[in-house]
Amino acid sequence: MKFSKKILETFIDLPKDWQELMEDVGLEVKSIDGDIINLELLANRGDHYCYMGLMREVHGRNGAKIKYDMEKMTIPLDQSKKPNNLFKIETDKCLAYSLTPYKLSAPQKVRQTKDKYILDILNASGVNVILDIIDITNVVMLEHGQPAHVYDADKIKGKIHIRETKAGEKAALLFHDGLTEIPAGTCVIADEEKILCVAGVIGCHGAEADENTKNILVETALFNPVAIRLASRVIGHTSIASQIFERGGNYDAIANGATRAKKLYEQIGWIQNGEYQITPDTNPVKTKPIKLDGDFIRSELEIKISDSEIEQRLLRYGFDKTKNGYQIPAWRVWDIKGEPADLIEELCRSIGYNALPSKLPPVILGAKKTDIQIRKSEIDSYLVHNGFYEVITDSMYSPKHASAAPNGEHIALENSVEGGYAFMRNNTIVQAAELVGKNLRVKNREIRAFEWGKIFKGDKEIEILWGVMNGANTNALTAKTLMENLFNDLSLTAKIEYDDFAQSAKVSEWKLLNPKRRGRISCNGLGVCVFGEIHPNLLNEFDIKNDLPVYFSFDTKGLMDLASKKTKYNSPSAIVPSVRDIAVAVPYGRNTGDVAMFINKEYKQVADVKITDVYDKTKESVRNITFSLTFAGEFSTEELNKMILEIMESANKFAKK
Amino acid sequence: MGFLLVIKMNELIKELKNAKTPQDLDNIKSKWLGKKSEIKAQMDALRDLPADKRAAAGAQINALRIEYENAIEGAKSELADKLINDKLANDNFDMTLPGVGTKCGALHPVSLIEEKCIDAMRRLGFIVATGPEIEDPKYNFDLLDIPKHHPARDMQDTFWIEKDKKLLRTHTTSVQSRYMMDLKGDESKLPICIVSPGRVYRNEALDAMHLAAFHQFEGLMVGHGIKISELKGTIEFILKEIYGDDIKVRFKPKFYPYTEPSIGADILTSRGWVTIVGAGMVSPQVLRNFGFDPARVSGLAFGFGTSRLAGEFTGANMRELYGMDLRVFKNIKG
């Protein structure tokens with residue numbers, strides 16, 4: 001909120017380092033433009049929205065002389081001793097209410113504000129200059145923090161009612177075209193016929209003051225903060241007044257503001273025309289005094305401070321010391337709850353947090369990394385060293401993403417302001433395809449990305465690690481090696497399955513992988529990973545035509561829970577192994593891995609089988625595979641040759657089955 | 001024979017000079033020292049000399065053989081050097097071509113900041129606590145003294161999954177709520193020291209500076225006799241870990257519904273003082289909400305946005321950091 005420094009200095013002396021002081025008490029100086037200072041006010045302090053609030057804060061801090069003279073600036077009101085007859089309160093959303101009638105003492109034609117002080121104070125805070133009788137209400141608000149409202153008394157029909165709206169009720173709001181329906185239960189000021197004002201938020205046409213107004217009623221009141229907040233939100237109108245009321249007004253200022261208004265009205269030729277009427281209870285927010293022990297303060301703040309200094313500092317903030325403790329000032333009843341901690345906070349602000357001691361808490365022993373943290377670091381390191389970049393993608397996505405998802409069940413967001421965030425994601429493969437599509441569009445084909453994130457299914461949040469890779473030398477087999485090496489790196493025994501398996505909710509992505517180019521990895525019987533090329537149907541959704549990106553996804557919990565296998569060291573054999581190659585024609589449709597397993601299983605002499613070359617004979621629908629066999633033990637050349645022939649024959653026969 | 005041998009030596013040297021390949025040298029060696037060489041013939045002829053002259057003649061031939069051998073080995077060595085030098089000179093390999101193989105990727109800047117903070121806080125005995133992102137308002141708001149319709153809820157525009165029943169957490173303080181709730185007011189389990197890094201959500205319109213989801217890092221210490229001085233000390237510690245020992249830190253009042261006093265910590269940057277940390281002593285009412293007596297138990301809490309720090313350190317804006325364009329991360333890595 002913007003203030004004039006010169007005007008603030010008419011309320012209190014400011015030190016040379018005033019800016020530092022402001023920030024030290026929580027009034028952050030966002031900018032200074034000549035005389036205008038723009039302050040970021042504390043979110044819970046309605047009392048800061050006025051010059052007196054700033055004055056009190058500076059005084060509380062340094063005890064500087066207060067220059068604002070209430071006696072000179074106000075005129076006492078002629079107050080009624082009888083029950084009021086001007087208004088009737090019909091809702092508990094209005095906590096206190098007052099009206100002062102005025103009349104114009106002599107005829108006037110032009111009622112534009114000419115007073116330099118009034119123009120300065122309004123302009124500094126960006127408040128519109130309208131008419132002198134209206135401008136005065138804004139001066140009262142900016143000086144005292146008491147929003148005020150002026151009505152043309154001659155336009156009011158009957159008595160004023162402070163009441164709640166009924167269903168379907170409409171009002172002609174200022175700055176709005178036509179009539180606006182006001183939600184039922186909103187606190188309004190109304191006469192017998194119409195709504196005159198939405199309490200604390202915005203005035204209405206019908207009783208507004210204008211250049212012909214001759215009799216007015218000036219309102220100062222206090223409303224329930226929550227009621228004002230809700231009304232302000234529903235109507236979509238925020239003002240300085242509504243911001244003050246939302247945070248809680250100052251009940252002392254109801255009458256004080258009215259006396260200040262009287263002074264200002266008299267200056268422009270208006271005189272009180274009837275008794276000032278106010279609700280009987282002028283202290284509607286009951287609080288108890290806060291008991292405070294000096295030793296407690298000294299112990300908590302760890303500073304030397306006398307009881308009298310504590311008292312002086314609290315009195316400067318407006319606390320009143322009573323035999324039962326410190327009474328909370330009228331402008332602080334909303335943010336001070338009545339705890340000793342409240343007073344500690346006041347003293348901290350008064351002394352300055354930077355003047356308080358600082359030390360580290362006692363540490364007995366630093367914590368160590370957990371097994372999960374260690375494993376996560378290992379996986380991070382592995383992926384990064386294999387060229388992967390970690391990304392953070394949205395946990396929410398659009399209806400388009402949802403319709404492409406493998407499982408249609410989504411958690412929907414009720415009130416998203418962004419249409420792109422309609423659902424919580426229940427998979428990451430759709431975003432993987434999107435990521436590839438986005439990077440291909442900017443000519444980045446070499447893609448390796450991963451994310452630790454969550455997917456949301458039913459009542460469950462499932463932690464996953466997912467990744468996607470694409471590029472000239474990337475395909476499902478590259479991913480397979482990557483996965484195998486990762487499990488090896490983590491000392492986990494992995495089993496890869498290629499055929500379809502019973503799907504659990506965790507791996508619905510399986511459906512969006514190419515059925516011929518996908519695998520599932522399990523450890524100790526527990527499925528922890530699926531991987532494979534993304535299904536062409538999904539790639540089409542993101543306009544990916546010529547690339548075959550590979551996706552992988554881990555159930556993080558499963559991965560983290562697995563215990564590393566215990567490795568047993570075996571010395572390498574002293575015998576130089578014999579290695580021989582064989583060629584096997586594997587028809588399309590037959591898995592090469594099955595042939596390798598057949599050789600390994602059937603021939604105990606073969607210690608290892610490697611596939612060293614693949615040649616596709618497309619026309620014959622056959623794949624020529626070169627297997628490199630390592631034999632365990634010592635064999636003569638003749639024995640080896642005989643075995644090779646036998647293996648080759650049986651392997652080819654097996655492949656053709 | 002001596003003169004003849006000298007002439008022969010010159011002849012050998014001439015042949016050696018003409019040799020182009022190791023094979024040429026092997027042929028020369030065979031010719032001059034092999035079974036059919038002249039020197040072998042002369043050695044064989046020694047047996048026909050008188051016994052008294054045989055030793056002297058033998059020594060002379062042997063000396064000559066050694067000279068031949070030295071000359072040939074010398075030539076071999078020279079040729080080997082020459083061949084290597086020629087090969088090196090003719091090598092057209094271009095080392096300026098890009099390296100072959102996979103280049104390293106990188107962790108996300110937010111993860112790097114998080115890890116740094118976790119490592120630092122671990123040294124003070126803090127452990128990592130986690131919790132759900134879809135949260136009960138009880139943990140996100142109510143237990144933290146943010147009742148329904150409280151203006152503080154405006155500070156954190158909320159994604160509702162089910163109005164007033166289920167939301168996307170607006171801060172990781174909800175993790176601390178759950179952790180505290182699990183203690184059931186049992187003071188024997190104190191002190192607790194936890195950090196809760198993670199993703200949080202705000203339902204607001206997107207721009208380069210604002211996202212619907214970002215990352216926070218919060219810490220909580222609850223125990224007996226925890227003071228404001230320790231809150232300040234802990235914040236200074238973490239800020240120095242992040243920004244270095246020379247960083248200047250100042251504190252100022254702030255408002256958070258669940259702490260009292262509430263403070264903010266600024267650091268001095270080239271742009272002036274910038275608020276980084278929101279913090280405070282756990283408010284007495286919040287302690288009561290979790291079953292602890294504020295007369296005996298106190299706590300400190302702090303938090304900051306790791307997304308924002310990552311943005312400041314890398315120069316990337318929020319949308320870039322949370323986007324899918326991998327060029328951003330390659331460029332950040334440099």
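Author: β25(A) and β26(A) make a hairpin with two residues between them, and A:Asn524 in that turn has a positive phi of about 50 degrees. Keep in mind that this is a predicted model: local features need pLDDT of at least 70, side-chain atom pairs count only at pLDDT 80 or more, and totals for chains, interfaces and linings use all residues. Residues are numbered from 1 along each chain as its sequence is written, with chains lettered from A and ligands numbered from 1 in the order in which they are written.

Strands here are DSSP runs of E, at least two residues, and helices are runs of H or I, at least four, numbered from the N terminus. Two strands pair if DSSP finds at least two bridges between them. Strand β25 (residues 513–523) of chain A runs antiparallel to β26(A), with seven bridges joining them; A:Ile521 has A:Cys529 in β26(A) as its bridge partner. β26(A) also pairs with strand β27 (residues 550–555) of chain A, again in the antiparallel sense, over five bridges. There, A:Phe531 has A:Phe552 in β27(A) as its bridge partner.

So how enclosed is strand β26 (residues 526–534) of chain A? Eight of its nine residues are buried, so the strand is largely enclosed by the rest of the structure. Buried means that 20 or more other C-beta atoms, placed from the backbone, lie within 10 Å of a residue's own; exposed means 12 or fewer, and partly exposed is in between.

Now for a helix in that chain. Helix α20 (residues 637–656) of chain A has 20 residues, which at 1.5 Å a residue should span 28 Å, and its end C-alpha atoms are 29 Å apart, which agrees. The expected span is 1.5 Å times one less than the number of residues. In α20(A), A:Ile647, A:Ala651 and A:Ala655 are buried. They cover an arc of only 60 degrees around the axis, which puts them on the same side of α20(A); the arc is that of the directions from the helix axis to the C-beta atoms. An α-helix has 3.6 residues a turn, so residues three or four places apart point the same way.

What do the buried residues of α20(A) pack against? They pack against β28 (578–587), α19 (592–602) and β30 (622–631) of chain A, where contact means C-beta atoms, placed from the backbone, within 7 Å. The face turned away from the buried side of α20(A) carries exposed residues, including A:Glu638, A:Leu645 and A:Lys656.

Note on methods: Contact = placed C-beta atoms within 7 Å.
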